[in-house]
Amino acid sequence: MTDEQATLKAERPVRVSWLGRWFPIRYLYLRSGDDVRAIALTPGRQMLALGAAAAVALWTVVASGGFVLDLVTHAQADGAVMRARAASERVNADLQARLDTAVVRMTATTGSLDEMAQMVERRHAALTTVMGMFQGVEGAEAALKPAAPLDPASNNPVARIVAVRLDQERLIARAGAEAHTRAERLRLAFRLAGLNPSAYLAHGGLGGPLVSADDPKALAAILDVDEAFALRIRHAADNLSDMRGLADAAEGLPFHRPTMARTTSGFGVRFDPFNGRPALHQGQDFAGPLNTPIHATAPGVVSFVGVRSGYGNVVEIDHGRGFKTRFAHLNSMAVQPGQRVALGQRVGGMGTTGRSTGVHLHYEVWLNGRPQNPARFMRAGDHLVQ
């Protein structure tokens with residue numbers, strides 16, 4: 001026997017005696033008639049049973065805690081809904097109370113009626129300024145159409161003025177919501193293209209009191225309307241400013257497709273069709289018949305027309321703001337250097353010149369001297385026309 005075996009033999013009684021102290025062997029006797037059976041509960045079995053009991057207890061505590069947390073969360077959510085509903089009801093009740101008070105005041109004296117009519121006229125002037133900013137926006141005229149006036153034959157002047165005021169409240173709320181929705185749609189398009197929409201917002205482009213007066217009190221004094229209505233005008237003007245700024249910027253960016261032909265190789269690393277080695281493909285390819293029309297994807301000025309190594313016949317357009325597009329492998333070119341082109345204008349015909357394996361268009365988008373993924377810009381354009 002080696003020294004190591006002797007050591008292990010000497011340690012084993014100590015380990016057993018420790019287990020025996022905490023988990024002594026117990027016996028479970030089962031009797032069935034005259035037959036008695038004994039089941040020995042060894043320390044290992046006792047430890048396994050204890051572990052199982054602890055796991056069940058832990059699971060019970062966790063499950064109970066989750067159930068209680070779920071109840072608390074639902075109670076808080078219900079409370080928040082009830083508070084929001086109560087706040088909405090208070091706002092509606094306050095508005096109705098103010099309108100009822102105005103009706104009573106106008107009914108009492110002719111002077112109050114004249115005063116209310118003048119306030120409606122001043123509100124109308126402020127609304128006209130806001131609505132004018134929607135000019136040219138598709139669908140805005142139908143969405144912001146005023147309600148038909150009440151019939152004078154069956155409604156007194158007080159009722160007609162109150163109806164106009166209520167319609168003004170509706171119109172300014174809808175104008176703000178409409179502008180906000182359209183601005184958010186444009187912001188998403190810019191993000192799809194990998195651009196920061198804030199960088200393309202020209203703040204202060206609207207001019208006039210809607211921009212110069214950020215304080216609702218000052219704006220209310222300038223427009224000569226109540227402060228609550230001036231605040232709504234301010235919010236609607238902010239959303240309209242963002243919407244117009246982003247829309248104007250989007251019109252000058254290459255968000256459109258150069259052709260409706262089938263897309264093939266995309267932007268990124270691919271195997272070169274000539275040598276089979278991995279190489280960066282800096283554009284988007286489109287396959288189609290020879291001389292398929294190729295169109296400008298944004299307004300701009302033609303900066304290059306000619307042959308570039310590997311690209312064959314090329315047209316390049318400078319769109320400003322650091323953007324440039326390149327159309328390569330063309331069979332024909334329909335523009336000249338220095339020529340100003342419009343969105344959708346034909347710049348050439350699809351071909352297979354240069355380093356090409358077949359008839360196709362190689363299309364690139366550059367920003368500040370760096371190639372971008374054209375698919376992201378086309379995805380942004382598809383989002384805007386949906």
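Modeller: Start with a definition. A salt bridge is a side-chain nitrogen of Lys or Arg within 4 Å of a carboxyl oxygen of Asp or Glu. Side chains of opposite charge can pair when their charged atoms come close. The structure above is a predicted model: local features need pLDDT of at least 70, side-chain atom pairs count only at pLDDT 80 or more, while totals for chains, interfaces and linings use all residues. Residues are numbered from 1 along each chain as its sequence is written, and side-chain values use heavy atoms, with hydrogens and water left out.

Colleague: How many salt bridges does the structure hold?

Modeller: Seven. Take E316 and R308 as one case: their closest N and O atoms are 2.7 Å apart.

Colleague: Is E316 buried or exposed?

Modeller: First the scale. Buried means under 20% relative accessible area, exposed means over 50%, and partly exposed is in between (1.4 Å probe, protein chains only). E316 has 3% relative accessibility, so it counts as buried. R308 is partly exposed at 30%.

Colleague: In which sense do β8 and β9 pair?

Modeller: Two strands pair if DSSP finds at least two bridges between them. β8 and β9 pair in the antiparallel sense, over seven bridges. F304 stands opposite E316 in β9. The two strands form a hairpin with three residues between them. G310 sits in the turn, with a positive phi of about 85°. Strand β8 (residues 300–308) also pairs with β11, again antiparallel, over two bridges. There, G300 stands opposite V341 in β11.

Colleague: On to packing. Which residues have the most contacts inside the largest nonpolar core?

Modeller: A nonpolar core is a set of buried Ala, Val, Leu, Ile, Met, Phe, Trp, Tyr and Cys residues joined through side-chain atoms within 4.5 Å. Contact means heavy atoms within 4.5 Å. The largest core has 37 residues, and F190, L195, F255 and F327 have the most contacts inside it. Elements that each supply at least two of its residues include α5, β10 (323–333) and α9 (374–385).

Colleague: What is F190 in contact with, leaving aside its neighbours within four places in sequence?

Modeller: Among its partners are L195, Y200, L246, A249 and F255. Look at A249, in helix α8. It is 59 residues from F190 in sequence, and 9.9 Å away in space, C-alpha to C-alpha. A249 is buried at 2%. Apart from residues up to four places away, A249 touches F190, Y200 and R321.

Colleague: Where is T292 found?

Modeller: In the loop between β6 (284–287) and β7 (293–295). T292 is buried, at 14%. Beyond residues up to four places away, T292 touches T259, G348, G349 and M350.

Colleague: What share of the contacts with a separation of 6 or more comes from residues 24 or more positions apart?

Modeller: 63%. Buried residues make up 32% of the 386 residues in the protein.

Colleague: Now confidence. What is the mean pLDDT of the protein?

Modeller: pLDDT is the predictor's confidence in each residue, from 0 to 100. The mean is 74, and 55% of the residues reach 70 or more. Where pLDDT is low, the predicted coordinates should not be read in detail.

Technical notes
Helices (H or I, at least four residues) and strands (E, at least two) are DSSP runs, numbered from the N terminus.
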